[in-house]
Amino acid sequence: MILLETDLESDFGIKAVEKEQLPKGQWYEWLCNIRVKHQKEQCILIEESLKDATEKDGLTHDYFDSLLAGNKAESKEQFKKLYQLIKKPPVPSSVHIDLALVIDVTGSMSPYAQSTVSTIENLLCGTSSLMSKLSTNFPEIEFQLRLGCLCFRDIDDGNNKFTELVLSDGSHFTSHVSTVLNFVKRVCAAPSGGFDLAEDIIGAIHHSANWQNGEDWTSDIKFMMLFSDASAHGLLPKTSAPLINGDNYPTRHPGGLTTNDAVTSLVTRDADLFFCSFNPSATERTEDDLSKYFKRHPDNVAEHSVARIPMMPKEAVESSTSSAPSSHGRHIIFVLDESGSMSNSWSGVVVAYNKYIAKRRQSQSDSDLVSVVQFNGQSRITVHHASLSSAPSDLPYNGGGTCFHPAALSACELARGTPSTHVPSVVFMSDGSASDAAAAAHEFSLFNSNLYRSSRNHLELHVIGKCIKMYSQT
């Protein structure tokens, strides 16, 4: 037998330099041992291949036997087993993973934004990270992780609907963890928008799964991890259905997208979905619907699915929202002191007024109405039943004396005109006192009594200022 030194390395994996470390008299024995070892390895591989082929042959026979016998259910099960056996690869030396982070950044996610960032940070960094655990559990495999990120708002947020990480070559996945974390922290720092309670969950899944750059979704294992506290459009919890700002698109997505479209896009990508919910009660129907379409999908032979990850206990969320308002929006009536003593404070009053409105919009209470009463010795209504989005940001200042009673009369007049779809809420702001404070307090007390008799609800009245002694029911 004639062997070139290059044959030793290409055929047997032996470096030629090993030969030089032995006396020439031992070369033949050394080569024989190499050949015997190689033959044993080849025999093991042949036996494993024969075993695998025999199993495939048996399953193939079982499949066609059940198919010819007209046993549809049995043939389907046999085909699934055959497919999974054919797809089963040997243990690889390296595995590439694509993980797409899809994050709800609408206003209602404000309380959970930092938790979302921390969860992702812990997932990607440190001794408890995904990569660290994989390396510990499978030391023989080299894992490579690529990350993509899509932050989404709602359908009516227009150009702000999607904010995604795009690399210079147009692709969406990167192996640089710091790049992704910086992007997540920046976008999650300012949750906003949403308009209604339901969010475009389906649109976000479909958008991310359809990233089309040649380098997107090309790894061996693919996952999507979605963070949200809301249902998809059309899948609002039944208890939330009557809410005015519940769902602007309860029957049809404006883009024609369906749950099945979202699932199809994931199945096509050979990807699984992790649904991280900050409000399991709100997302339950959405998770159920996604799971149903995964199970029904004709191409989902690999049995991709939805993994539900509650970020908060269901009971804790239900308890925190048990005292939430009913299906009514708020009619917020600002009663603002514009007397002479407020000349140096008026800009601060306007800032507080705008911040209050911004906070209501951030909590997706866009169905609220806003009215404004400004008062000195008299009162004037400067804003009447405006929507949150159309309420003016600037309020003109007058100056003058201070009387509370005319302002209370105007506020109660506006409150009585509150539509049946809303409940009145009064925010009274002043820096001083007035001789008619008792009369103003009596006016609010009288209105509160009438409101309670008719609706069993008290007037929500917030008084902000100093030296003010007025009736306050909150």
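## Basis of the description

A residue is called buried when its relative accessible area is under 20%, exposed when over 50%, and partly exposed in between (1.4 Å probe, protein chains only). The model is predicted, so local features need pLDDT of at least 70 and side-chain atom pairs count only at pLDDT 80 or more, while totals for chains, interfaces and linings use all residues. Residues are numbered from 1 along each chain as its sequence is written, and side-chain values use heavy atoms, leaving out hydrogens and water.

## The five-stranded sheet

Five strands form an open sheet in the order E9-E8-E7-E10-E11, with mixed pairing. Strands (E, at least two residues) and helices (H or I, at least four) are DSSP runs numbered from the N terminus; two strands pair if DSSP finds at least two bridges between them. Strand E9 (379–387) and strand E11 (460–465) are the edge strands, each pairing on one side only.

Strand E8 (residues 369–375) runs antiparallel to E9, joined by six bridges. Leucine 369 has serine 387 in E9 as its bridge partner.

## Aromatic pairs

The whole structure contains twelve aromatic pairs, in which ring centres of Phe, Tyr or Trp (its six-membered ring) lie within 6.5 Å; planes under 30 degrees apart count as stacked, over 60 as edge-to-face and the rest as tilted. Phenylalanine 334 and tyrosine 353 pair edge-to-face, at 4.9 Å centre to centre and 75 degrees between the planes. Because phenylalanine 334 lies in strand E7 and tyrosine 353 in helix H12 (residues 346–362), this pair ties together parts 19 residues apart in sequence. Both phenylalanine 334 and tyrosine 353 are buried.
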